[in-house]
Amino acid sequence: MKKNIDVVPLIFKKFKGLSAKMLYGFTKIGKVRVLPKRDYHYNHMKNLALVYFNLTPLCNLRCKMCGQWGDRGKMKNGRIAEEAKTIVSLERYKQIIDEIAPSHPVTYLWGGEPFLYPDLMSLAKYIVDKGLYMSVNTNGTYLEQYAEQIVRDRWSTIFVSLDAFEETNDAMRGRGSYQKVVRGFEAINREKKQQGSNYPIMGIVTTVTNQNYLMLDELAEASRSFNLDVHIFNLGTYTNDNIVAMQKQFMKEKLDTDIDCLAAYNTGYNLGIDGEKLNAILKNIHNKDYGHPMITVPSLNPKKIHTYYADLETPVRRHCIVPWCQTDINYNGDMHFCADYPDYILGNIKEQSFTEIYNGERANRFRKAIHACKGGMFPGCLRCYQNMLFGMKVKGF
Ligand SMILES: C[S@@+](CC[C@H](N)C(=O)[O-])C[C@H]1O[C@@H](n2cnc3c(N)ncnc32)[C@H](O)[C@@H]1O
Ligand code: SF4
């Protein structure tokens, strides 16, 4: 496996039906990249490719680099008990799934920790039974408990966060979390065997920080026994004071919005990362056969890895396409385009239909503001994860 794209045929071979659904989503993403709709009466539901559902603000871990519950996390505001009462009901989510199903978007359930949403299992089953691609991003600490049902209900993908081999992982994510995840993998594998099923596709997501980057190969070695389908190295979401200040001013001026989410990613866990060393480690990992593909997001020119971490004001991706094909529904029903920075509210699904909000005046105002920006991107979006996944590479990166 030399390039990220090489993962596609491997996954296709093993999961044909699911791959077709994934491909359909990617085709729509490709379409809006070539032809973003500037007609503001356009029905954007036609290109809806990916819907994130942030199901709950609650989490059982306190991972240090996390924008929600980490060192500078925005959930540490003392209002969490109140916030948790605002979650969307299962019944309303089911109506939303019925509404978006004709567009066949990929769905992605996350949080907080999605297993703390009381009706996760029922919601996940409903989405799968509707025929939609259904991924869950979890810290993996509840997998053992729910393994039998996850496999029986044929979840499409689980992306489990694991950042390093035991000691370093647990220093970042909490004592005992590594072993809980390993027991979860064992339970899923046992169930797959007993139930004679390939599902779900099982992957690790490793967030690269200055705490774990020198030890990524230890985790890669350990992962040989997990029977994974993919291992993703996420180069991380970072920012600094200057970028936060630029974004604050911009969002106030152009969209009359006060922002407080971006600052939570000003964690400093990018500082001191030696790009050459990280590149050598990733190269070594990509060239080895661990029994499953390894991919790095964003894929970068190896010579520019240092810039990615050290010069956060250097653009790496441009032309954000998120508002033309994706959206995030926050735990309280607010819809946003930016999953990690839920400041600008498009509307609330408890009060309006998905379509009304997605095609609505506030959504179009946001789209227009992006179009008007140099490079098709707001000034604070320099390391936004969604843009790293789907934005256009800046020349050289
Ligand atoms: C916020 S978590 C929510 C889902 C679940 N609680 C989990 O940990 O997987 C979503 C993903 O973001 C990753 N993450 C945390 N902090 C990050 C950061 N600063 N940059 C990029 N990704 C980060 C997590 O490791 C996880 O894979
Ligand atoms: S488990 Fe996920 S949401 Fe919870 S603190 Fe860790 S990264 Fe954040």
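Mentor: Two residues are in contact if their C-beta atoms, placed from the backbone, lie within 7 Å. This is a predicted model, where local features need pLDDT of at least 70, side-chain atom pairs count only at pLDDT 80 or more, and totals for chains, interfaces and linings use all residues. Residues are numbered from 1 along each chain as its sequence is written, and chains are lettered from A and ligands numbered from 1 in the order in which they are written.

Trainee: Is Thr56 buried or exposed?

Mentor: A residue is buried if 20 or more other C-beta atoms lie within 10 Å of its own, exposed if 12 or fewer, and partly exposed in between. Thr56 has 22 such neighbours, so the residue counts as buried.

Trainee: Which residues is Thr56 in contact with, leaving aside neighbours within four places in sequence?

Mentor: Thr56 sits in the loop between S1 and helix H3 (80-84). Helices (H or I, at least four residues) and strands (E, at least two) are DSSP runs, numbered from the N terminus. The contacts of Thr56 are Ala84, Ile87, Gly111, Gly112, Glu113, Pro114, Leu116, Tyr117 and Tyr331.

Trainee: In S2, which residue is the bridge partner of Tyr52?

Mentor: Strands S1 (residues 50-54) and S2 (residues 106-110) run parallel, joined by five bridges. Across to S2, Tyr52 is bridged to Tyr108.

Trainee: Which residues come nearest to ligand 2?

Mentor: A residue is near a molecule if its C-beta atom, placed from the backbone, lies within 6 Å of it. Ligand 2 has 13 residues around it. Those that come nearest are Cys59, Cys63, Cys66, Trp69 and Asn139.

Definitions and conventions: Pairing = 2+ DSSP bridges.
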